[in-house]
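The structure is shown first, and the description follows.

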Amino acid sequence: MQQQKIKISPAITAAFSIIMWYINIYMLNRTKRRQHISYSRLMVVLAFGMVIMFGLAWIQQLILSHINFGPVMLMVEVRGILINLVCYMFLTLLQNNYTGQQIQLELEKVKSDNLGAQYELLKQQINPHFLFNSLNTLKLMAETHDEETVDFIVKLSDFYRFTLESRKLDLISVQEEMKIVDAYLFLQKARFGEGIRFTNELGKEINTTLIPPFTLQLLVENCIKHNIVSQSKPLHIKIYSTDNQIVIENPIQRKMNTEDSLGVGLDNIKMRYKHLLEKDIVIHSNEQTFQIKLPLIHEYNHY
């Protein structure tokens with residue numbers, strides 16, 4: 001009889017261990033990702049384990065009905081609790097390790113995306129097509145002895161100086177951003193003349209807020225790139241603020257063939273607002289008007 005008891009007791013313990021192993025896996029998978037021990041969940045698992053161990057001990061009592069298990073029942077339950085604790089702690093350790101690795105991978109992805117956005121932004125600012133157009137315009141101005149030739153050279157120099165100074169910054173003031181826009185528009189107006197009309201209605205309080213560098217310049221560039229710009233059909237670009245947002249809008253005068261954007265533009269701006277600030281931009285378009293709304297940034301802890 002003692003030999004029969006020795007054989008059945010380990011079998012019951014093994015069955016309990018397997019059951020609690022899968023129950024713990026199920027409970028861990030049901031909870032949201034976390035990196036600390038949930039004591040409420042631990043209590044539930046332990047209580048559940050005690051009930052299961054009691055049930056298995058009762059089955060053992062039915063099999064060996066001639067043996068009195070009353071005196072050792074407490075020891076059986078303690079053994080069940082210890083097995084349950086080992087399963088829970090081991091699986092929790094594995095889950096925390098896996099969660100930590102996933103968080104690290106996500107952080108690396110965010111860093112990679114941010115670096116990629118900055119790299120694409122830099123490529124956009126030294127766009128050889130834009131530089132070619134600017135130099136070609138400068139050549140024509142020099143040949144015609146245009147009085148604004150010197151100003152054009154100064155603005156072109158300012159634009160690329162802003163590029164070098166701002167590319168390492170996460171955010172700059174709207175006032176600094178508007179200097180970039182003004183320099184860019186001066187260069188474009190030398191090419192298109194009165195075909196571009198720009199209205200800036202931003203107040204002084206908006207100029208002190210923050211914005212990712214070259215955001216407004218990219219949006220103005222998109223307006224010119226994707227719409228007809230001519231003396232007979234001027235493109236009106238307007239910037240103003242409303243409802244705690246900066247709004248840039250233009251009438252839709254879509255070209256038949258738009259210029260290649262090199263994959264940089266709205267996606268670049270969306271990504272920087274999303275990853276850097278966890279904010280979204282709003283894009284509104286109908287048959288007459290295209291409008292972008294940028295959330296105001298009053299402060300930034302890492303700026």
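A crossing of two helices is called left-handed if the near helix is turned anticlockwise from the far one by less than a right angle, and right-handed if it is turned clockwise. In this predicted model, H8 passes H9 in a left-handed crossing, and H5 likewise passes H6 in a left-handed crossing.

**Overall content and confidence**

The protein chain contains 9 helices and 7 strands. Of its 303 residues, 41% count as buried. Among contacts in the chain with a separation of 6 or more, 76% are accounted for by residues 24 or more positions apart.

The average pLDDT of the protein chain is 76, and 65% of the residues score at least 70. Over residues 1–8 the pLDDT stays under 50, and the model has 11 contacts beyond four places in sequence for this stretch. Where pLDDT is low, the predicted coordinates should not be read in detail.

**Helix pairs**

Two packed helices are described by the angle between their axes and the distance between the axes. The table gives these values for two pairs.

| Helix pair | Residues | Angle | Axis distance |
|---|---|---|---|
| H8 and H9 | 215–226 and 266–277 | about 155° | 10 Å |
| H5 and H6 | 149–166 and 174–192 | about 140° | 9 Å |

Angles over 145 degrees count as roughly antiparallel, and H8 and H9 are therefore roughly antiparallel to each other. On the H8 side, Thr 215, Leu 218, Leu 219 and Asn 222 take part in the contact, and they meet Leu 266, Asn 268, Ile 269, Arg 272 and Tyr 273 of H9. By class, the residues of this contact divide into 5 nonpolar, 3 polar and 1 charged.

For the second pair, the angle of about 140° makes H5 oblique to H6. H5 contributes Asp 151, Phe 152, Lys 155, Leu 156, Phe 159, Phe 162 and Ser 166 to the contact, while H6 contributes Lys 179, Ile 180, Ala 183, Tyr 184, Phe 186, Leu 187 and Ala 190. The contact of H5 with H6 has 10 nonpolar, 1 polar and 3 charged residues.

**Residues within the helix contacts**

Asn 222 lies in helix H8. With a relative accessible area of 13%, Asn 222 is buried. Not counting residues up to four places away in sequence, Asn 222 touches Asn 227, Gly 265 and Leu 266.

Ala 190 belongs to helix H6 and is partly exposed, with a relative accessible area of 30%. Leaving out residues up to four places away in sequence, Ala 190 touches Thr 137, Met 141 and Phe 152. Ala 190 and Phe 152 are 38 residues apart in sequence, with a C-alpha to C-alpha distance of 7.7 Å.

Which residues does Ile 237 touch, not counting residues up to four places away in sequence? They are Arg 197, Phe 198, Thr 199, Val 220, Cys 223, Ile 224, Ile 248, Glu 249 and Asn 250. Ile 237 is found in strand S4, which covers residues 235–242, and is buried with a relative accessible area of 1%. Ile 237 and Cys 223 are separated by 14 residues in sequence and by 7.6 Å in space, C-alpha to C-alpha.

Asn 250 lies in strand S5, residues 245–251. At 3% relative accessibility, Asn 250 counts as buried. Apart from its neighbours within four places in sequence, Asn 250 is in contact with Cys 223, Asn 227, Leu 235, His 236, Ile 237, Gln 288, Thr 289 and Phe 290.

**Loop residues with positive phi**

Phe 214 is located in the loop between strand S3 (210–211) and H8. Its phi is near 70°, a positive value in a residue other than glycine. Phe 214 is buried, with a relative accessible area of 1%.

Asn 244 is located in the loop between S4 and S5. Its phi is near 60°, again a positive value in a residue other than glycine. Asn 244 counts as partly exposed, at 48% relative accessibility.

Technical notes
Residues numbered from 1 in each chain as written. Predicted model: local features only at pLDDT ≥ 70, side-chain atom pairs only at ≥ 80, totals over all residues. Heavy atoms only, no water. Axes fitted to C-alpha atoms, helices over the stretch in contact; angles between N-to-C directions. Helix = DSSP H or I, 4+ residues; strand = E, 2+ residues; numbered from the N terminus. Parallel < 35°, antiparallel > 145°, perpendicular 65-115°, else oblique. Contact = heavy atoms within 4.5 Å. Nonpolar A, V, L, I, M, F, W, Y, C, P; charged D, E, K, R; others polar. pLDDT = per-residue confidence, 0-100. Buried < 20%, exposed > 50% of the residue type's maximum accessible area, 1.4 Å probe, protein only.
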